[in-house]
Amino acid sequence: MFEALNLSCVRDERTLFSGLSFTIQPGEIVQIEGQNGAGKTSLLRILAGLSSPDEGEVHWQGQNTRRQRELFHQHLLFLGHYPGIKSVLTAYENLSFYQTESGNDAQDEIFHALEQVGLLGYEDVAVAQLSAGQQRRVALARLWISRAPLWILDEPLTAIDKQGVSTLIELFERHAQNGGMVLLTTHQDLPGVTRAVRKIRLTSAELA
């Protein structure tokens, strides 16, 4: 179980959210909603352990994530606004590096992942030579080789075509069906999703 306990976040003397608590159980897809500036990205970074809340705690399997950082990050896949990939490596090398770090060595999964994001044939191209959209897809390809039960995704559907969105949603549902957890932000509804999506809306006092 993943828990947010009484989280508060202040940026530039403005309270984005306070007293925020929720839990995510295995098999759930949870969507964070809110206007621009409501603190969605700040919340995801706090939940992923990349920044600290002004108040509150984040728990994974009943323990504060800050006290078990290494274990928590082994169970987490976080995709933020930036691709988080190495530009000097090829698409294949980036995915192979991530796969090795996560204890997975099935090379055929890398080619399958690249095929799912429309990059089969680009596996030996340095990421620096790819477009921004293609670099984003290299990052998304990590979802297909991930063994992490918890996915925290910041706007994963941005700049993705209709077929790509459908493919990602199918993957989210399959991950949840297998007992995984998906927490994401998106400015759009999840078209074609067949399982219930729980929504949490952020509304800061300044935006209310």
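Predicted model: local features only at pLDDT ≥ 70, side-chain atom pairs only at ≥ 80, totals over all residues.
Reader: How do α3 and α4 cross: parallel, perpendicular or oblique?
Author: Helix α3 covers residues 91–101 and helix α4 covers residues 107–116. Their axes come within 10 Å and cross at roughly 130°. Angles from 65 to 115 degrees count as roughly perpendicular and those over 145 as roughly antiparallel, so this crossing belongs to the rest. That makes α3, relative to α4, oblique.

Reader: Which hand does the crossing of α3 and α4 have, left or right?
Author: The two axes come within 10 Å. The crossing of α3 and α4 is right-handed.

Reader: How do α3 and α5 cross: parallel, perpendicular or oblique?
Author: Helix α5 spans residues 132–145. The axes of α3 and α5 come within 10 Å and cross at roughly 40°. Angles under 35 degrees count as roughly parallel, and the perpendicular range starts at 65, so the angle falls between these classes.

Reader: Which residues of α5 meet α3?
Author: Helix α3 passes α5 in a right-handed crossing. On the α3 side stand Ala91, Asn94, Leu95, Tyr98 and Gln99. This contact divides into six nonpolar, two polar and one charged residue. The α5 partners are Val138, Ala141, Arg142 and Ile145.

Reader: Is the crossing of α5 and α6 left-handed or right-handed?
Author: Helix α6 runs over residues 162–177. Its axis and that of α5 come within 11 Å and cross at roughly 35°. The hand of the α5 and α6 crossing is left-handed.

Reader: How many nonpolar residues are in the contact of α5 with α6?
Author: Helix α5 brings Leu140, Leu143 and Trp144. Helix α6 brings Thr167, Leu168, Leu171, Phe172 and Arg174. One residue of the contact is polar, one is charged, and the nonpolar ones number six.

Reader: Which residues are closest to the centre of the largest pocket?
Author: The largest pocket holds about 620 Å³ of space. Its lining has 25 residues. The closest to the centre are Leu76, Leu77, Tyr98, Glu101 and Arg142.

Reader: Which element gives the largest share of the lining of the largest pocket?
Author: By class, the lining residues are 14 nonpolar, seven polar and four charged. Two or more residues each come from α2 (69–74), β6 (76–79), α3 and α5. The largest share is five residues, and it comes from α3.

Reader: How much space lies in the largest cavity?
Author: Rolling a probe the size of a water molecule over the atoms shows where empty space is left. A search of the whole structure finds one cavity of 30 Å³ or more. The space in the largest cavity is about 40 Å³.

Reader: How many charged residues are in the lining of the largest cavity?
Author: The lining consists of Gly49, Thr65, Arg66, Arg69, Phe72 and His73. Arg counts as charged, and Gly as polar. The lining has one nonpolar and three polar residues, and its charged residues number two.

Methods. Residues numbered from 1 in each chain as written. Heavy atoms only, no water. Axes fitted to C-alpha atoms, helices over the stretch in contact; angles between N-to-C directions. Helix = DSSP H or I, 4+ residues; strand = E, 2+ residues; numbered from the N terminus. Left-handed = near helix turned anticlockwise from the far one by under 90°. 1 Å grid on protein atoms, 1.4 Å probe; cavity = no way out; pocket = protein on both sides within 12 Å on 5 of 7 lines; lining within 4 Å. Points joined across faces, edges and corners; volume = space filled by probe spheres on them. Contact = heavy atoms within 4.5 Å.
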